[in-house]
Amino acid sequence: MKKIAIDPITRLEGHGKILLYLDEKGGLKGAVLQVPELRGFEAFCRGRRGEEMPQITERICGVCPEAHHLASAKALDAAYGAEVPPAAWAQRELFYNCYIFSDHLLHLVFLGGPDLLLPADTPKSARNVLGVLQAYPELGREVVAVRARAQRVLEIVGGRAIHPVFALPGGVARAITPEEAEEIRSHTQAMVALAEKLVPFFHEEVLPDPGYQSLLASPSAHLPTHYLGLVDEGGAPHFCRGKVRAVSSQGAELFRLEGAAAMERIAERVEPWTYVKFPYLKGLGWAGFAAGPESGIYRVGPLARLNVAERMATPLAQEEYERFLDFFGEKPVHATFAYHWARLVEMVQAAEAAHALAQDKALTGTEIRGRLGKPGEGVGVVEAARGTLFHRYALDENGLVRDLDLIVATTHNAAGIGLSVKQMAEEVVGKGTLDEALLNQIEMAFRAYDPCLACATHFLPGEMPLVVEIYDVEGRLERRIAR
Amino acid sequence: MAEDFEPKVVAFLCRWCAGAGADLAGTSRLRYPPNAIPIRVNCSGRVDMEWVMEAFRSGADGVLIGGCHPGDCHYVSGNYKTRRRVYLLRKVLAEMGIEPERVRLEWVSATEGAKFARVMREFVSELKKLGPLHLEGAERAAEPVAARGRS
Amino acid sequence: MRGKPKLAVYWTGGCGGCDVSFLELGPALLDVLSQVEIVFWPALVDTKRADLEELPPRSITATLVNGTLRTEENVEMVRLLREKSQLVVAFGACAHLGGVPGLANLASREEILRTVTGNGFRLAPPPGGDAEDSPPELLGAARPLADEVAVDYTVPGCPPMPSLIGPFFEALLSGDLPDPGHVFAQEQALCKECPRTREDRKLTKVLRPHEALPDPQECLLDQGMICMGPVTRGGCGAACPKAGMPCTGCVGPTPEAGDPALAMIAALGSLVRAGDEGPAAFAAEDRVLDTLVDPLGTFYKYSLPVYVRARRAA
Ligand code: SF4
Ligand code: SF4
Ligand code: SF4
Ligand code: FES
């Protein structure tokens, strides 16, 4: 038997390695994505001050600290029974849209993007941000500059660009001054301008590329799961407020609920051979590692949000959304590599929404703290760039954390990512000699999700399984690969 | 084990009061356990909590801080500051898994030789009940932080 | 120095924020990137461990390590990187002081595993794999980088902000490096650079940040909030106090303060009051001090593994 290790897997957030086991004939016997990390947040958050949680849990992940920060604050709002005033929400939402924008740009240029923006035969030494900057010097520099502007907004509102400090139970730390609001508007304007450029760029440079076209069409990257995401009252994706909507792999609404009630609909499967838990929809139950209408496995993140939405919240995003739906001609869209395109649609909405919020009078409002009740229990839910994020805390009478529970984006996607990597590994191994470019294709399958292994492993060591059980038409287990 | 365990005590004693009280206890030939290593300070307010921790890391099982009675401190409020510091330190020790009773603060005047002797007897017997303080990683901690890791 | 300096960046048990913090340099990042050759950086380039193993010893000019040491694999990797590098830099609070994940040292490894996975937890290789394929063992405790390898410089912060990263790169690229052991931050306390007005007022209450909206100009500590400014190195520009929140000490303690908890205890011992001092106020003073909840988690948020090494054996 032969073993191939891709160690470490690169251009994603967190630690991981892929192990492929091949038989004598070079066929794939098994594939494992191993995440060799554990930090124990679950254990050491107990006993900490509730109001510190936005600043502690954000250290789970430095790529999406904003998501943990706000999910945590929302859980605290609920735990203290607080009404958050509009001015505080204006700050939080502006901040949050800038984060989504900035994080998606990060993926585009630094993490997953190089796979799409550079030809497949690019040597690995150039398949990175520097390669992108060489291929697209002007746009690349602009992306870096505008991302810095979005980060500057995060810094103004959040106090710090990475690991912000502003959200508190019931509100935010301080009011935004009119001068700051003016500066913010200049940045959000630049964000919109960049979004306007990225759309034609995508349609001219990325989408027509035969490599990307074949990935979008590839059966190895087609995964008909259910989808989960937040929507506002009008059915448009909302990144940090609204209700959690789930739609089935066939597009039917499964539920549309407040965060706490939605969390109740999710169960976590524990498998004896791994330390990662697998969330699934309780109503459908666990049907093994398989996609499809009967399985409870669902996906989250940009593609999922576009699949649960009925429309986008802003005009330019809506136009691009329509192009997206026309291209695929079906909804839900199950093509895994459509995650990249979905990210673009969201980036446009985030820029437009941020700019609108920056012009809203509420932003400089001074009533920024709601009244707090006695500490108790609460759930907070937001859409992290990578998908739905739940925080649930139980506070004691002193407001110290007694118990907590987090379901992070990459964990929701664990089963989906496992399935996608497995699909791709099978295709790639079938092609014969496993050169570096082919192995990168396996990595691309999960980079499409922009996974965050730091989030997924805030407390879990061990392996994300890449199990595929292949059933024959009668539903009998035909083949169980690997684990 | 409590039988033959002789706790090591470091005693930080204010020279104006508790230190003099200890001397008096000595010259009066009062009987008290000889477990303490006395260290004179100008005022209990000068006792750095770092010294207390250093004493534990260096093998002490208990630390006694002796200061002037309320109202008698030569620096007016050194003893009050120390009282508040010790109160906080004990909370922190408890969270670290170290019994807070291992730090003891007592007001002892220069004339209270007998009180000093009684305090020592009580403290030593209490420490005997608690048993030795065995700190894991104490040697490593004793190294100055700045020096660690230099090539 | 001939050719471009070769740079490696590696993460151990961290959050990735330190990697992302480079991007906060914004356009200046591109200048830095154009002046170095990146030989290894899992977050951004595709070099693998095997490529790293083939490099000759000391062939990397500088390796920046972020993250706390948490697993045996972390230790193997930083030793490997030490061997291949001329300089090793502890980058960020996790590598410098153990960081937020260092709070895990409040519990034993066994307790952590129990909370996380339930009883009967055992590491195993994946089916079909060899023993060497099982996930790495956790270390008994989270540890700072300097516990395992010699550290030449420290760029502190959680994550280090551009104002601290910038000077480091200037020094590295110009070759004009300070003495080994240098920490790229101020020796003076954060209060020196904090715009809030400080009067060393007496504290009659401890206020938690969600309990009151502080005055925008006055020192937060004077207003009763536990701000670590007096014992923390300057260098971040007092980001948190400017944002209306107390400093939690991410840049690490000043050389003068040493142990940040003990230094804060000294400061609070001086400041707390409940009326006139004296026996009549003792009980009331204690009640004020009791409102300071979770002191260990507050004072050692980023530095527990360095300062609380001596733990009572279980
Ligand atoms: S120092 Fe802070 S930003 Fe850096 S890895 Fe640790 S937690 Fe993340
Ligand atoms: S707010 Fe904090 S940093 Fe600023 S002066 Fe007061 S104690 Fe120092
Ligand atoms: S104010 Fe304190 S916690 Fe905030 S960034 Fe500066 S050193 Fe870090
Ligand atoms: S002089 Fe004795 S305690 Fe201050």
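Across the interface of domain 2 of chain A and domain 3 of chain A, three residue pairs are in polar contact, with both residues at pLDDT 80 or more. The model is predicted.

By residue class, the side of domain 2 of chain A that touches domain 3 of chain A has seven nonpolar, four polar and two charged residues.

The domain assignment of chain A places domain 2 at 83–219 and domain 3 at 223–334. Domain 1 is given in two segments, 2–37 and 433–482. To the contact, domain 2 of chain A brings 13 residues and domain 3 of chain A brings 11 residues. The C-alpha centres of domain 2 of chain A and domain 3 of chain A are 23 Å apart.

Between them, domain 2 of chain A and domain 3 of chain A bury about 1,000 Å², and 70% of this is on carbon and sulfur atoms. On the side of domain 2 of chain A, the most area is lost to domain 3 of chain A by Trp89(A), Glu93(A) and Tyr96(A), which together account for 35% of what that side buries.

Glu93(A) also forms a salt bridge with Arg241(A), through their side chains, at 3.0 Å from N to O. Between domain 2 of chain A and domain 3 of chain A the count is one salt bridge.

Note on methods. Residues numbered from 1 in each chain as written. Chains lettered and ligands numbered in written order. Heavy atoms only, no water. Domains from an automatic or database assignment. Contact = heavy atoms within 4.5 Å. Buried area = accessible area lost by both parts, 1.4 Å probe. Salt bridge = Lys/Arg side-chain N within 4 Å of Asp/Glu carboxyl O. Polar contact = N/O pair within 3.5 Å; in protein donor to acceptor, adjacent residues only side chain to side chain. Nonpolar A, V, L, I, M, F, W, Y, C, P; charged D, E, K, R; others polar.
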